[in-house]
Amino acid sequence: MDDPSDELELERRFAESAVTSLPRAPLYAALSAGIAADPGLHRLLLDAPPTQRLPVLLFASIHSLLIAEPTHPLADWYPNLRSVPRLPDDDELMPTLSAFVRDHLNEIKQLVSTRSTQTNEVGRSLLFLPPLGMIAQEVGPVTMIDVGASGGLNLLLDQFAYRYEPDDESPASTVGPDSTVTLTASTRGAVPIPAILPTIAGRLGIDASPIDVTNDGQARWLEACVWPDQPERFRRLRAAIELARIDPPRILNGDLVAEMSEAVERVRPLGHPVVTNSWVLNYLHDRDRGAFMDELEHIGAAGDLSWIAAEAPALTAGLPWPDEIAENWQTQLLLTTWRDGIRTVCHLAQCHPHGFWMHWQ
């Protein structure tokens, strides 16, 4: 028999999600409130491992099935699936959700018990591009090793178009090819936007559970993990997946520390190696982050290396954050370089975790 305290905890999590989601995701806020009040619905998460019993996992499972069945009436409330969606405060929302769950119960249970939420946010390429341009200006052609690469979409950084819009009266800066993926960020400060995209001579990802973007089911899961209240993110993810299917990026399936040296050595002959990661290291235990840092130090002592990290300092103890931001919960952009064995650390910017804005230091 399920522990009643587990069910109460799930109810609490959905109620909390209803409050925190409201400003950014009114649909998920409404669903959270409705599910919190319905034990038959929030109990579905009991099929997930304890560490994965998060409202967003159930939402992604439902969303994935709905993307595959977009004619279902429940899709009428999803802004990414309808140009004019129904409002979340509609009284028919929860009965329609309940009917969808009844019709897809076994499929939902299967997804909840076997999947975890996973994002491959291409907007983070907006954060990587300025420091990558700085590095390329110094060393010439670069190679990318993206840690926690998921489907490897940010390894396609040089196939996207970029638009950086200053918060003053200055004109926007654009760079990149004509592309089906255009990324836009508002900026504050003197962001060093490169005049041309850097030459990426080689690219390789590392992920413990990589997504094969050529597999419709796996690609759909990436799409499902995007909140439907953010249709622009959904559209640009779909466009990036289509680009990736033309020439899928190579991703090593394995532990990010164990695979790091091999990945760097594979690409080093092609150009200067640059390790990138964004909202990945917060998922590691402190000792594993320590091992990650030790591995980078080992590689940097043996040959020149650069590392671009977009992480929240308060969640990633052990990284070389400056003392003044070590407890900060906002996403910060950090550039660390090893040249002739000497490490240099530079705090570059505070950013939105999806790349919507960047405040350069």
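Modeller: Start with a definition. A crossing is right-handed if the near helix is turned clockwise from the far one by less than a right angle, and left-handed if anticlockwise. Keep in mind that this is a predicted model.

Colleague: Which hand has the crossing where α4 passes α6?

Modeller: Helix α4 covers residues 55-68 and helix α6 covers residues 105-114. Their axes come within 9 Å. The hand of the crossing is right-handed.

Colleague: Which residues of α6 make the contact with α4, and how many residues of the contact are charged?

Modeller: From α4 come L57, L58, S61, I62, S64 and L65. From α6 come E107, I108, L111 and V112. By class, the contact has 7 nonpolar residues and 2 polar ones, and the charged residues number 1.

Colleague: How do α4 and α5 lie: roughly parallel or roughly perpendicular?

Modeller: The axes of α4 and α5 come within 11 Å. They cross at roughly 80°. That angle falls between 65 and 115 degrees, so α4 and α5 are roughly perpendicular.

Colleague: How many nonpolar residues are in the contact of α4 with α5?

Modeller: On the α4 side are I62, L65 and L66. On the α5 side are L97, F100 and V101. The contact has no polar and no charged residues, and its nonpolar count is 6.

Colleague: What covers the buried residues of α5?

Modeller: Helix α5 spans residues 93-103. Its buried residues are L93, M94, T96, L97, S98, F100 and V101. What covers them includes α2, α3, α4 and α6.

Colleague: Is S125 buried or exposed?

Modeller: S125 sits in helix α7, residues 125-139. Beyond its neighbours within four places in sequence, S125 touches N154, L157, F160, Y162, Y164 and L183. Its relative accessible area is 0%, and the cut-off for buried is under 20%, so S125 is buried.

Colleague: Now salt bridges. How far apart are the closest N and O atoms of E9 and R12?

Modeller: The whole structure has 23 salt bridges. E9 and R12 both lie in helix α1, 3 residues apart, about one turn of the helix. An α-helix has 3.6 residues a turn, so residues three or four places apart point the same way. The closest N and O atoms of E9 and R12 are apart by 2.5 Å.

Colleague: How many residues apart are E121 and R236?

Modeller: E121 forms a salt bridge with R236, and their closest N and O atoms are 2.7 Å apart. E121 is in the loop between α6 and α7, while R236 is in helix α9; this pair links distant parts of the chain, and the two are apart by 115 residues.

Colleague: Which helix holds E297, the partner of R343?

Modeller: R343 and E297 form a salt bridge, with the closest N and O atoms 2.7 Å apart. R343 lies in strand β10, 46 residues away from E297, and E297 lies in helix α11.

How values were computed. Residues numbered from 1 in each chain as written. Predicted model: local features only at pLDDT ≥ 70, side-chain atom pairs only at ≥ 80, totals over all residues. Heavy atoms only, no water. Helix = DSSP H or I, 4+ residues; strand = E, 2+ residues; numbered from the N terminus. Buried < 20%, exposed > 50% of the residue type's maximum accessible area, 1.4 Å probe, protein only. Contact = heavy atoms within 4.5 Å. Axes fitted to C-alpha atoms, helices over the stretch in contact; angles between N-to-C directions. Nonpolar A, V, L, I, M, F, W, Y, C, P; charged D, E, K, R; others polar. Salt bridge = Lys/Arg side-chain N within 4 Å of Asp/Glu carboxyl O. Parallel < 35°, antiparallel > 145°, perpendicular 65-115°, else oblique.
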